[in-house]
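Q: Hi! I have a model open and would like to talk it through with you. Can we go over it piece by piece?

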Amino acid sequence: MLDRWTDLINSGKPEIDVEKEIISTAGEIIAKTSFGMSYEYGREVLDKLREMQITLFKSNRYIGVPFSNFLNPKEILKAKKLGKEIDALLLSIITARRKSSKRHQPQQNLLGLLLAENTVDGRLGERPLTTRELVDECKTFFFGGHETTALAVTWTLLLLAQHREWQNELREEIREVIGNGEIDATMVAALKKMGWVMNEVLRLYPPAPNVQRQARHDIKVDNLVIPNGTNMWIDVVSMHHDQNQWGQSVNEFKPERFKDDNLYGGCNHKMGFLPFGFGGRMCVGRNLTIMEYKIVLTLILTRFSFSLSPSYSHSPSIMLSLRPMQGLPLIFEPL
Ligand code: HEM
């Protein structure tokens with residue numbers, strides 16, 4: 001991706017829509033790291049998942065409406081067809097991997113581990129993961145594992161294009177921590193300022209804009225009773241922009257709010273900052289994300305400086321994830 005950007009700049013096209021580029025690279029990374037999959041195979045799954053996301057989003061305002069399947073039959077049919085195609089693709093990958101791991105050492109990636117362990121603690125004790133469950137696990141990781149990280153990087157590039165002093169701060173930190181060598185996984189933790197920037201971006205533009213829970217029994221909150229079975233959407237975007245919790249500067253980009261309070265960014269409420277959810281179902285991929293984010297951002301910052309293109313139109317929208325609907329065109333200069 002970065003070499004392609006350099007070629008574009010050198011051929012007189014310094015304006016690049018980075019959102020698309022980064023989503024596609026993050027897809028490549030998850031396909032490889034989690035499934036040991038080639039780019040082409042991964043691309044096919046990702047394209048179909050994206051199409052399904054758009055199709056389902058068009059129809060999801062009817063969720064919970066009785067007979068809603070009849071309200072938009074075309075979208076429902078299309079989503080079902082895409083679902084079957086994705087399942088078939090993943091199934092062929094799993095079957096091929098099962099065969100090859102009988103002959104060779106299992107691959108060191110998530111799918112290799114799932115196939116090697118291949119058991120789950122169910123109600124009736126330990127049992128093997130069914131193929132259906134394996135396919136579902138793959139879908140969760142494929143989908144959950146690339147777009148969110150890509151959007152964290154994308155929104156970061158927007159904020160760094162608007163706050164160029166922070167581009168310099170981060171370059172300075174990279175120089176101190178990594179020098180002129182190559183970044184590796186052991187250096188990531190020392191990139192502290194980059195960690196504040198990541199948290200502040202996840203606060204202002206949380207890629208996962210809501211978290212869902214279901215009440216498993218009646219719950220009393222002050223005078224309010226939430227009945228058993230109620231589905232709840234926790235609006236993370238609103239919580240991250242609540243002036244009562246974050247103070248006057250709530251809408252400003254101020255990474256230093258995480259300097260002395262790495263976990264909560266100075267928020268008055270300890271549940272006020274939830275980019276990765278909370279409790280037992282908190283995001284399992286957050287450490288991978290932090291590593292991927294810091295490595296990708298380091299590579300970008302050490303090769304280019306960038307500013308916002310005049311053609312950028314600010315339109316954050318929720319399409320399951322929180323995305324810049326008109327993309328993110330930036331103007332690049334090589335360093
Ligand atoms: C910036 C990046 C990411 C964000 C903002 C994010 C956010 C979230 C959120 C909000 C949840 C729901 C937590 C809850 O209900 O309390 C979640 C769950 C999950 N995430 Fe992430 N995620 C990110 C990256 C990743 C990556 C890279 C992976 C995989 C490699 C991943 C895999 C998962 C999985 C499997 C779950 C379900 C966990 C469960 O139900 O136990 N996520 N994520």
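This is a predicted model: local features need pLDDT of at least 70, side-chain atom pairs count only at pLDDT 80 or more; totals for chains, interfaces and linings use all residues.

Q: What span should α11 have, and what does it have?
A: With 18 residues at 1.5 Å a residue, α11 should span 26 Å. Its end C-alpha atoms are 26 Å apart, so the two agree.

Q: OK, on to α7. Which of its residues are buried?
A: Trp 166, Gln 167, Leu 170 and Ile 174 are buried in α7. Looking down the axis of α7, you find its buried residues within an arc of 105 degrees, so they line one face of the helix.

Q: What's on the other side of α7, then?
A: There you find Glu 165, Glu 172, Arg 175 and Glu 176, which are exposed.

Q: Which elements do the buried residues of α7 pack against?
A: They pack against α6 (131–162), α8 (192–204), α11 and β8 (304–308).

Q: How far apart are the ends of α7?
A: The end C-alpha atoms of α7 (residues 164–178) are 21 Å apart. That agrees with the 21 Å that its 15 residues should span at 1.5 Å a residue.

Q: What follows α7?
A: Gly 179 follows, and its phi is positive, near 65 degrees.

Q: Changing topic: which residues come nearest to the ligand?
A: Of the 21 residues around the ligand, Gly 145, Thr 148, Gly 277, Cys 283 and Gly 285 come nearest. The elements giving two or more residues to that shell are α6 and α11.

Q: Which element gives the most?
A: That is α6, with 7 residues in the shell around the ligand.

Q: How do the shell residues divide between nonpolar, polar and charged?
A: The shell around the ligand has 12 nonpolar, 8 polar and 1 charged.

Q: Let's zoom in on Cys 283. What annotation covers it?
A: An unreviewed UniProt entry carries the annotation "binding site" for Cys 283.

Q: And where does Cys 283 sit?
A: Cys 283 is in the loop between α10 (243–246) and α11 (286–303). Leaving aside neighbours within four places in sequence, Cys 283 is in contact with Phe 276 and Gly 277.

Q: What about Gly 145: buried or exposed?
A: Gly 145 is buried, with 25 other C-beta atoms within 10 Å. Gly 145 is in helix α6. Beyond its neighbours within four places in sequence, Gly 145 is in contact with Ile 30, Ser 34 and Gly 285.

Q: One last thing, backbone angles. What is phi for Asp 222?
A: Phi of Asp 222 is near 50 degrees, a positive value in a residue other than glycine. Asp 222 is in the loop between β5 (219–221) and β6 (224–226), and with 5 C-beta neighbours inside 10 Å, Asp 222 counts as exposed.

Q: And what is the phi of Leu 320?
A: Leu 320 has a positive phi of about 70 degrees, although it is not a glycine. You'll find Leu 320 in the loop between β9 (316–319) and β10 (321–324). Leu 320 counts as partly exposed, with 17 C-beta neighbours inside 10 Å.

Conventions:
Residues are numbered from 1 along each chain as its sequence is written. UniProt positions are given in the numbering used here, feature names are shortened, and annotations may be inferred rather than shown by experiment. Helices (H or I, at least four residues) and strands (E, at least two) are DSSP runs, numbered from the N terminus. Two residues are in contact if their C-beta atoms, placed from the backbone, lie within 7 Å. The expected span of a helix is 1.5 Å times one less than its number of residues. A residue is buried if 20 or more other C-beta atoms lie within 10 Å of its own, exposed if 12 or fewer, and partly exposed in between; C-beta atoms are placed from the backbone. The arc is that of the directions from the helix axis to the C-beta atoms. A residue is near a molecule or strand if its C-beta atom, placed from the backbone, lies within 6 Å of it. Ala, Val, Leu, Ile, Met, Phe, Trp, Tyr, Cys and Pro count as nonpolar, Asp, Glu, Lys and Arg as charged, and the others, Gly among them, as polar.
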